[in-house]
Amino acid sequence: MGIIYSAMEKLLPFSWIEFTFMKNAFLAIILIAPLFGLVGTMIVNNKMSFFSDALGHCALTGIAIGVMLGVDNYAVSMMGFALLFALGISSIIDSGVSSSDTIIGVFSSAGIALGIVLLSIRGGFSRYSGYLIGDILSVTKNEIILLAFVLVVTVLIWFLSFNKLMLSSLNTDMAKSKQVNVKFYKNIFMILIALIVTVSLKWVGMLIINSLLVLPAASARNIVKNMKSYHAVSILFSTFSGISGLILSYYMGTSAGATIVLISSVIFFVTFFVNKLYNLS
Amino acid sequence: MKECHCSIKVKNLKVKHGRNIILSDVTFSANHGETLALIGRNGAGKTTLLKAILNSVDYSGTIEFFNSEGEYISSPKIGYVPQRLSFDRNTPITVIDFICANYSSIPVWLGHGKKCREKAYNTLKKVGAENHIEKPIGKLSGGELQRVLLAFALEPRPDILLLDEPVSAVDRKGISIFYSIINSMRKEFHMPVILVSHDLGHVVKYATSYALINHTVAETGKASELPKSQKVRETFGLDVGRGEAIWE
């Protein structure tokens with residue numbers, strides 16, 4: 001880690017890089033942002049933005065369970081609960097009783113309500129309000145290593161299963177006719193989203209995490225035509241808004257996560273008008 | 001001559017959805033080189049029958065596949081063309097992304113290797129869609145998209161081809177192109193085709209045999225004899241004196 005720090009000081013001759021918390025935040029951003037850009041492509045393609053949002057909400061219940069169990073690190077309980085939640089949603093959607101947005105809506109509300117009820121039992125919800133907005137400056141060394149690990153796992157999964165996942169999302173029966181195990185790949189994807197959302201929730205915050213997942217890919221879609229450029233542009237937008245948002249928030253003294261989201265939103269509207277202007281779609 | 005030149009044998013098939021019995025006692029077979037049209041009213045279970053063959057719904061009974069030598073195939077390759085692909089028209093998936101995702105192990109977000117590009121070009125050429133290779137699938141016309149879907153279904157070469165109202169969103173010219181491709185495939189590879197169609201005119205023109213489905217197999221026969229069938233007339237209400245033109 002020491003080597004990385006000194007390399008950063010040499011490569012980035014800015015005053016903000018002197019602080020260790022900014023170094024850590026910067027490292028976290030360059031790990032998290034490409035990850036969001038990458039996974040966001042399929043969230044937007046599969047129209048799953050509501051689902052990833054719900055996962056963020058249910059993480060609150062995960063935190064509450066962690067608090068009740070008395071563990072120090074809520075990440076494990078959050079992740080466990082989010083996985084349960086994701087698979088629960090998917091199996092109920094598969095049963096075909098109700099439409100998927102209704103089911104996700106029900107889970108989402110129940111997840112956040114249960115979390116609030118459990119956390120406010122002793123009247124102390126404000127202690128956990130940090131999870132709503134998140135604080136990227138609080139990232140520690142160990143957490144950066146965890147993020148790097150998650151990035152590697154995600155890229156690996158993206159490498160091995162993307163084609164099958166894309167076919168499954170286009171038409172289930174058609175994918176099945178090519179012996180694609182649609183359920184398996186859909187579940188892998190859901191688990192992946194659950195993992196990413198819960199790992200990064202603490203620094204990004206429940207209220208805006210979904211924007212970071214959805215906006216870069218949604219912006220990229222406005223101006224690209226194929227899968228390769230879709231991924232490249234989405235990752236580029238995500239990383240650009242991540243880094244510029246972090247630096248801007250340092251100078252303006254604003255919340256880093258929200259600043260990043262604002263920049264992403266500006267990019268979205270710019271690409272939207274570029275699309276309209278040049279009639280790209 | 002062999003006793004049976006069957007490609008697919010369906011026996012006592014039953015499909016339930018909750019308490020509703022959608023199909024029961026369905027028994028039929030289709031031969032190699034035959035185009036079997038499944039006809040029937042809406043909700044008669046035609047699409048469900050295709051889904052059962054695709055193993056995409058739970059069913060009881062047996063569905064068996066045989067190759068052209070008459071040997072049993074335990075896991076058949078199935079080509080399937082859905083009625084329509086419902087997707088976001090702005091989705092940034094090009095034709096080559098779509099085709100290469102089917103048979104390349106390189107993830108399409110990294111681009112396409114030369115080998116895959118060549119293979120995709122050749123497959124698309126078979127259906128006359130090689131000029132659309134770089135187009136996003138949302139920009140294709142109904143007929144073009146169905147031909148691309150057909151190209152997708154034909155690779156790797158399937159043991160049976162299932163078409164679920166493949167031309168419902170295609171214009172008249174596109175329809176005749178589509179069916180002439182299917183017919184040449186069938187003749188070239190002796191590929192059995194099962195076709196769901198609403199349009200009895202198409203069935204007479206392009207299919208070789210038909211099965212009237214009404215929660216079970218109500219009648220089977222040669223496609224050329226379809227206009228004479230009393231049962232078909234009753235099912236489609238053709239005896240009320242309108243709709244004779246449907247055969248043309």
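User: Into which domains is chain B divided?

Analyst: This is a predicted model, in which local features need pLDDT of at least 70, side-chain atom pairs count only at pLDDT 80 or more, and totals for chains, interfaces and linings use all residues. Residues are numbered from 1 along each chain as its sequence is written, while chains are lettered from A and ligands numbered from 1 in the order in which they are written. Domain bounds come from an automatic or database domain assignment. For chain B they give domain 1 (1-77 + 159-248) and domain 2 (78-156).

User: How many residues of domain 1 of chain B are in contact with domain 2 of chain B?

Analyst: Two residues are in contact if their C-beta atoms, placed from the backbone, lie within 7 Å. The C-alpha centres of the two domains lie 25 Å apart. Domain 2 of chain B brings 17 residues to the contact, and domain 1 of chain B brings 21 residues.

User: Which elements of chain B each supply at least two residues of the side of domain 1 that touches domain 2?

Analyst: Helices (H or I, at least four residues) and strands (E, at least two) are DSSP runs, numbered from the N terminus. On the side of domain 1 of chain B that touches domain 2 of chain B, the elements that each supply at least two residues are β7 (160-164) and α5 (172-189).

User: Which residue of β2(B) is the bridge partner of B:Val15?

Analyst: Strands pair if DSSP finds at least two bridges between them. Strand β1 (residues 6-17) of chain B and strand β2 (residues 20-31) of chain B pair in the antiparallel sense over eight bridges. Their hairpin has two residues between the strands, and B:Gly18 takes a positive phi near 65° there. In β2(B), the partner of B:Val15 is B:Leu23.

User: Which residue of β4(B) is the bridge partner of B:Val10?

Analyst: β1(B) is also joined by five bridges to strand β4 (residues 60-66) of chain B, and the two run antiparallel. In β4(B), B:Val10 has as its bridge partner B:Ile63.

User: What is the radius of gyration of chain A?

Analyst: The secondary structure of chain A comes to twelve helices and zero strands. The radius of gyration is taken over C-alpha atoms, and the globule rule is 2.2 Å times the number of residues to the power 0.38. For 281 residues a compact globule would have a value near 19 Å, which agrees with that of chain A, 19 Å.

User: How many residues does chain B give to the contact with chain A?

Analyst: Among the elements on the side of chain B that touches chain A, β6 (78-81) and α2 (95-103) each supply at least two residues. The contact takes 23 residues from chain A, and from chain B 25 residues.
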